[in-house]
Structure formats: structure tokens, C-alpha cells
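Here are my notes on the model you sent. They are set out as numbered points, to be read with the structure open.

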Amino acid sequence: RGKPTHHEHDNEDITKAFGVIPDSYMRKLHGFGRGAVWKVLLLLSFDRQKHPDVVRGILSGERNSYSMGAWVGAYRCSACNSEVGECEHIKKDGQHFMYELDNQLVFKNCVDIEGFECSQVSTPAYISAISDVKHELRQRPVT
């Protein structure tokens, strides 16, 4: 909450932020990882006066994918809980990124995550980062 939104992770200069993240929460994904997999959900805002083209694309559905920028303390293997690179399940060189082994999904599990921004992106790293849900916030009429 309170972190900036950006476009394509152009996040080096905070004054170029496109908006802010007003709220966030975690939701357990049922049916995955024996109840141990959670998803971060973010409520994002984008300033239509500063970036009308991006906001138009979001509202039309043309732009519907997002990516959270985060610092990660470590990556652990989901199969054996070793630090990535210390086991044979996941290699540090990017091989074996995500696969199934003996009916278990093997992947890099992020540890000590701290989000610092969320960007509207053309191509998300994960398919679950696509959203067609949007709400247009209008100003209240001045009385």
C-alpha cells in the first residue's frame, strides 16, 4: 500500500509514477500446493490526467497485464526447500524454471518479499498477472 504504479517497470524516478497502490491483500489459491500457495492482489490506480493514453488502454481492455516489482531475500526450491542452486531441482542458470515432478510442482519459491511498485506491462511474467477487472473512479460533483 502506498507504493507507486508505473509503466513497464520504468521506476527509477518516483516523480514519473503513473499512480499509487491504495490497497493490497493476500488470497489463498485453493487446489494448488496443498493449501500453501497464495496470490498477492493489488488495487491499482493510474492518473488519467498525467497519462491519458495508458489509462484509455486500461479502460478499453487493450492493456490488461501487470507486474509487481519486488525485492526478494532468497529463492528456495519448492520440492526440497534448499536455496536455489544448492539442489538439482532448480538450476541457477535458469534451467528447470517450473515443472512437475512426482505429482508436485517444482518452482522457485520467493522468501522475504518486499514489493516496491506495480507496473502495467505489455507481457507479464506470469499468466495470472492478467486482469480484465477494472473500475473507473469518477470525481464527486462539487456542491
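1. One cut-off is needed before the rest: a residue is called buried when its relative accessible area is under 20%, exposed when over 50%, and partly exposed in between. Phe 116, at 23% relative accessibility, therefore counts as partly exposed. Please keep in mind throughout that this is a predicted model.

2. The overall fold first. The chain contains 1 helix and 7 strands, and their order along the sequence is β-β-β-β-α-β-β-β. Of the contacts with a separation of 6 or more, 58% are between residues 24 or more positions apart.

3. Burial and surface come next. The chain has 143 residues, and buried ones make up 22% of them. Its accessible surface comes to about 10500 Å², with 51% belonging to carbon and sulfur atoms.

4. Met 26 belongs to strand 3, which covers residues 23-28. With a relative accessible area of 49%, Met 26 is partly exposed, because the exposed class begins over 50%.

5. How many aromatic pairs does a search of the whole structure find? The search gives 2. In one of them, the ring centres of Phe 46 and Tyr 66 are 6.4 Å apart and the planes are at 40°, so this pair is tilted. Phe 46 sits in the loop between strand 4 (38-43) and helix 1 (52-60), while Tyr 66 is in strand 5 (residues 66-77); the pair thus links distant parts of the chain, 20 residues apart. Are these two residues buried or exposed? Phe 46 is buried, at a relative accessible area of 18%, and Tyr 66 is also buried, at 15%.

6. Trp 71 and Phe 116 also form a pair, with ring centres 4.2 Å apart and planes at 35°, so this pair is tilted as well. Trp 71 is in strand 5 and Phe 116 in strand 7 (residues 104-120), so the pair ties together parts that lie 45 residues apart in sequence. As set out in point 1, Phe 116 is partly exposed at 23%.

7. A last item concerns a charge and a ring. Where does the charged end of Lys 108 sit? It sits over the ring of Tyr 75, at 4.5 Å from the ring centre.

Definitions and conventions: Residues are numbered from 1 along each chain as its sequence is written. This is a predicted model: local features need pLDDT of at least 70, side-chain atom pairs count only at pLDDT 80 or more; totals for chains, interfaces and linings use all residues. Side-chain values use heavy atoms; hydrogens and water are left out. Helices (H or I, at least four residues) and strands (E, at least two) are DSSP runs, numbered from the N terminus. Buried means under 20% relative accessible area, exposed over 50%, partly exposed in between (1.4 Å probe, protein chains only). Contact means heavy atoms within 4.5 Å. Accessible areas come from the Shrake-Rupley method with a 1.4 Å probe; for residues, only the protein chains shown count as cover. Rings of Phe, Tyr and Trp (its six-membered ring) pair if their centres lie within 6.5 Å; planes under 30 degrees apart count as stacked, over 60 as edge-to-face and the rest as tilted. A charge sits over a ring if NZ of Lys or CZ of Arg is within 6 Å of the ring centre and within 35 degrees of the ring normal.
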